[in-house]
Amino acid sequence: MSAVPDLDERLAPASLARKLLGRPELGAVVGAAAVFVFFSFAADSFLQASSLSTILYSASTIGIMAVPVALLMIGGEFDLSAGVMVTTSALLSSMFSYQMTANVWVGVLVSLLVTLAVGFFNGFMLTRTRLPSFIITLGTFLMLTGLNLGFTKLITGSVSTKTIADMEGFSSARALFASQWDVGSVTLKVTVLWWLVLVAVATWILLRTRAGNWIFAVGGGADAARAVGVPVVKTRIGLYMGVALCAWISGQHILFSFDVVQSGEGVGNEFLYIIAAVIGGCLMTGGYGSAIGSAVGAFIFGMTSNGIVYAQWNPDWFKFFLGAMLLLATLLNAWVRKRAEAK
């Protein structure tokens, strides 16, 4: 009688619990549920429709940038210039359109090309110099901060741009980047739609394409990935250009929502994007994370930043709660990952 071969455990069907433990966003989902329940009791107005509209808008403005930042972190890199790049893209669109007296769409397209060039510069410098991404993007952050202020004051004579609300093409651009709809008693801004589309596209890239495999491979170990034929240089440059593309989308939203742009905006927001990605399950060392997790992290940010206001607490404590959530989420994500690896 022949012996029955043992079944390879890698081919055995995984249970639902095991699949859930293997998801990087599990800790963020648990945290989001806890924050939601907490503020539902702590703030009477938290569950109102108008409050939900504000929370979703706050989450979407962070989430649009948290998605590409999460992909970049999965690839093992950072971008400290992401916050000011948003302002740069808005300033470019506004000042080019105003000074050239052109249709605002001309300024929007010029801004897109220049912003993508900045992203390409970050990726190219990283791959050519082999310096840490922290140093490369810190240099870009400082240069863009100076250029934003210097050029704005040189061209407009002040620290803000001139209004372009009366220029041709403004209405159609506002419809694309800054419109809103009423769904029942909830007002949804177009940034929520942009956010959801970006999360869906990023998730598809990570889980269904070769590019997604390349991102995970590069984050897990660039030398090993290069040895098996992964285009490391193209992957890294593509990730930085993805951050630039989303910075352009966010910048256009700011411009067409408020007509004018302050040159000093955006400084410090890069940390919010990184925090949302980390809370969502991305590891600082790369090779692990998800776009969905970054969306949950951004939603936690939206609930916390507005929940503190609705609870009528001193907003000075917001940074404390944000830091505490970051540490707790990191510890929870590490525990979930260890449990998944043990199983």
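This is a predicted model: local features need pLDDT of at least 70, side-chain atom pairs count only at pLDDT 80 or more; totals for chains, interfaces and linings use all residues.
With a relative accessibility of 34%, Arg-226 counts as partly exposed.

- In general, an α-helix has 3.6 residues a turn, so residues three or four places apart point the same way.
- Asp-223 has a relative accessibility of 59%, and it counts as exposed because that value is over 50%.

- Glu-77 and Arg-236 form a salt bridge through their side chains, at 3.3 Å from N to O.
- Glu-77 sits in the loop between α3 (49-74) and α4 (82-100), while Arg-236 sits in helix α11 (residues 232-258), so this pair ties together parts that are 159 residues apart in sequence.
- Which class of accessibility do Glu-77 and Arg-236 fall into? Glu-77 is buried, at a relative accessible area of 8%, and Arg-236 also counts as buried, at 15%.
- Arg-174 and Asp-259 make another salt bridge, with 3.2 Å between the closest N and O atoms.
- Here too the link joins distant parts of the chain: Arg-174 is in helix α7 (residues 170-177) and Asp-259 is in the loop between α11 and α12 (269-279), 85 residues apart.
- Arg-174 is partly exposed, with a relative accessibility of 32%.

**Helix α7 and its buried face**

- Which residues of α7 are buried? They are Phe-170, Ala-173 and Phe-177.
- The packing partners of the buried residues of α7 are α5 (104-129), α8 (190-208) and α11.

**The largest pocket**

- The largest pocket has a volume of about 360 Å³.
- Its lining consists of 19 residues, and those closest to the centre are Leu-71, Ile-205, Gly-238, Leu-239 and Gly-242.
- Helices α3, α8, α9 (210-220) and α11 each bring at least two residues to the lining of this largest pocket.
- How many residues come from α11, the helix that gives the most to this lining? α11 supplies eight residues.
- By class, the lining of the largest pocket has 15 nonpolar residues, three polar ones and one charged one.

**The second largest pocket**

- The second largest pocket has a volume of about 290 Å³.
- It is lined by 18 residues, and Thr-61, Val-86, Ile-254, Asn-269 and Tyr-273 lie nearest its centre.
- Helices α3, α4, α11 and α12 each contribute at least two residues to the lining of the second largest pocket.
- α3 provides the largest share of that lining, with five residues.
- The lining of the second largest pocket divides into nine nonpolar, eight polar and one charged residues.

**Single residues to look at**

- Apart from neighbours within four places in sequence, Arg-236 is in contact with Glu-77, Leu-126, Thr-127, Val-218 and Ala-222.
- Arg-236 and Ser-185 are 51 residues apart in sequence, and their C-alpha atoms are 43 Å apart in space.
- Arg-130 has a phi near 60°, a positive value in a residue other than glycine.
- Arg-130 belongs to the loop between α5 and α6 (133-156) and is exposed, with a relative accessible area of 65%.
- Asp-259, the salt-bridge partner of Arg-174, has a positive phi of about 70° although it is not a glycine.
- The place of Asp-259 is in the loop between α11 and α12.

Conventions
Residues are numbered from 1 along each chain as its sequence is written. Side-chain values use heavy atoms; hydrogens and water are left out. A salt bridge is a side-chain nitrogen of Lys or Arg within 4 Å of a carboxyl oxygen of Asp or Glu. Helices (H or I, at least four residues) and strands (E, at least two) are DSSP runs, numbered from the N terminus. Buried means under 20% relative accessible area, exposed over 50%, partly exposed in between (1.4 Å probe, protein chains only). Contact means heavy atoms within 4.5 Å. On a 1 Å grid over the protein atoms alone, a cavity is a set of points where a 1.4 Å probe fits but cannot get out, and a pocket is an open set with protein on both sides within 12 Å along at least five of seven lines; lining residues have an atom within 4 Å of a point. Grid points are joined across faces, edges and corners, and a volume is the space filled by probe spheres set on the points. Ala, Val, Leu, Ile, Met, Phe, Trp, Tyr, Cys and Pro count as nonpolar, Asp, Glu, Lys and Arg as charged, and the others, Gly among them, as polar.
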